[in-house]
Amino acid sequence: VRSGQPRPPLWQRMCREAASKLLRASAPTAQARALEGGSGSVLTTPVVEGSILAVLGLGLDLSLSSPLVSRSWEDAAWAHFRLMADARAAAERAKHRKRQAQTSALYPHAVENVAEDMRFMPELERLAQLEPEDVFRALGESRVEKVRRCAAAPVHRAQRALVLGPEALAELILELADGLDAAAGSAEEPWFLRFAAHLSLYARTALKFPDLPREACDALLLAYARHLAEGRQVRLVAAYAALLPPEPRARTMIDLFKGLQSPSERRRALETALRWFPNDVPTMILDAVAELRAAPAVHTGDARLAERASQLGVKAADLLRLEALGWFDLAQEVAEVLGVELALDAKLEAVHAGNCLLRTIFLEDTAADDGGAGAGASAATMAAA
């Protein structure tokens, strides 16, 4: 249509005039609903046809008057950028037609086109001179409240940054990292953390090293990895922790290991960790076991742990110390299945310490009993533990 019209300026004016009549004929209530951000159908025939013709006629203000375009941030942004690009192409074609009319008599229609071009040239130049910053500023100042609110949403701020380039993206990453504390505990926290972490992953590939706020990217990834760990999504934690520097990666995995008591969860966590960073896993396991044995009371709030401890006749903290040693056997078993070698011998004195702990508990239980029957029960209890 655009390239085949012998008189495109006249055709575009016809589109604008037709769009104006169609949009004026549309139901005023539909426009009111759009301005208020309310729900309800605005897809009447005059609105749809008028919106299409307004875009084809390069009428930005006319397009934004349509409730079909103005009721959402995405549609309003699309209208601005689409007409900005079309106006730049139309302005170049207008310059070409003017040169044709001045240099050759072989283009008789060019004279009429140039006259029509001159009528619309101020609006055409205004559209063609728009910059992305102008578009986003206009969206933030939209007369539609819903569009103004959406302009401040993280996803739309990200779209703005992706359009504006590396500097804006780096600035957004820093803002999101600063907003981690504000998002904590809110209903939007899971969505915010997931969005921010994946945006930082994109930034790592899109930004050159000098532009990349690496510490902010790491902070966003760390927050999401911890969120996954708290939600016991053990298969995902290692995948995101692998993207972190060594120290926060180790801390994230150690905290995850310390919170897992189910053998199946421990196995899944080890399998993923050994796939992503097998050389780091032995140290992580040793540190997790050492911390559990040194301060088990911090992690004894689990009702299932307390119930098992009661059944076995031991304190929950002591049971947690004993079960922590199970990480060693499980790690060796999983490593053999995956074909990975683990060097855990350096600190296996923890096993000896565990045996000493068993003996201490056994003696305490025995001393509290009156006779040998209690000692036999305690031995059975310790064997089960």
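# Exercises on a predicted model

The structure holds five aromatic pairs. It is a predicted model. Work through each task, then check the solution.

## Exercise 1

**Task.** Classify the pair of rings of Trp 73 and Phe 136.

**Solution.** 
- Step 1. The ring centres of Trp 73 and Phe 136 are 6.3 Å apart. Rings pair if their centres lie within 6.5 Å.
- Step 2. The two planes meet at 20°. Planes under 30 degrees apart count as stacked.
- Step 3. So the pair of Trp 73 and Phe 136 is stacked.
- Step 4. Now place the partners. Trp 73 lies in helix α6 (residues 73-103), and Phe 136 lies in helix α8 (residues 132-140). The pair therefore ties together parts that are 63 residues apart in sequence.
- Step 5. Check burial. Trp 73 is buried, and Phe 136 is buried too.
- Step 6. Look for a cluster. Trp 73, Phe 81 and Phe 136 form one aromatic cluster.

## Exercise 2

**Task.** Classify the pair of Tyr 224 and Tyr 240, and say which parts it ties together.

**Solution.** 
- Step 1. The ring centres of Tyr 224 and Tyr 240 lie 5.0 Å apart.
- Step 2. Their planes stand at 90°. Over 60 degrees counts as edge-to-face. So this pair is edge-to-face.
- Step 3. Tyr 224 sits in helix α14 (residues 214-230), and Tyr 240 in helix α15 (residues 234-241). The pair thus ties together parts that are 16 residues apart in sequence.
- Step 4. Buried means under 20% relative accessible area. Tyr 224 has 6% relative accessibility, so it counts as buried. Tyr 240 has 14%, so Tyr 240 counts as buried as well.

## Exercise 3

**Task.** Describe the surroundings of Ser 66.

**Solution.** 
- Step 1. Locate the residue. Ser 66 is in the loop between α4 (60-64) and α5 (67-70).
- Step 2. Judge its burial. The relative accessibility of Ser 66 is 0%, so Ser 66 counts as buried.
- Step 3. List the contacts. Set aside neighbours within four places in sequence. Ser 66 then touches Leu 23, Val 47 and Ser 51.
- Step 4. Look at the side chains. A polar contact of 2.4 Å joins those of Ser 66 and Ser 51.

## Exercise 4

**Task.** Is Glu 49 buried, partly exposed or exposed?

**Solution.** 
- Step 1. Glu 49 belongs to helix α3 (residues 45-56).
- Step 2. Its relative accessibility is 40%.
- Step 3. Glu 49 and Leu 22 are 27 residues apart along the chain, and their C-alpha atoms are separated by 7.3 Å.

Note on methods
Residues numbered from 1 in each chain as written. Predicted model: local features only at pLDDT ≥ 70, side-chain atom pairs only at ≥ 80, totals over all residues. Heavy atoms only, no water. Helix = DSSP H or I, 4+ residues; strand = E, 2+ residues; numbered from the N terminus. Buried < 20%, exposed > 50% of the residue type's maximum accessible area, 1.4 Å probe, protein only. Polar contact = N/O pair within 3.5 Å; in protein donor to acceptor, adjacent residues only side chain to side chain. Contact = heavy atoms within 4.5 Å. Phe/Tyr/Trp six-rings, centres within 6.5 Å; stacked < 30°, edge-to-face > 60°.
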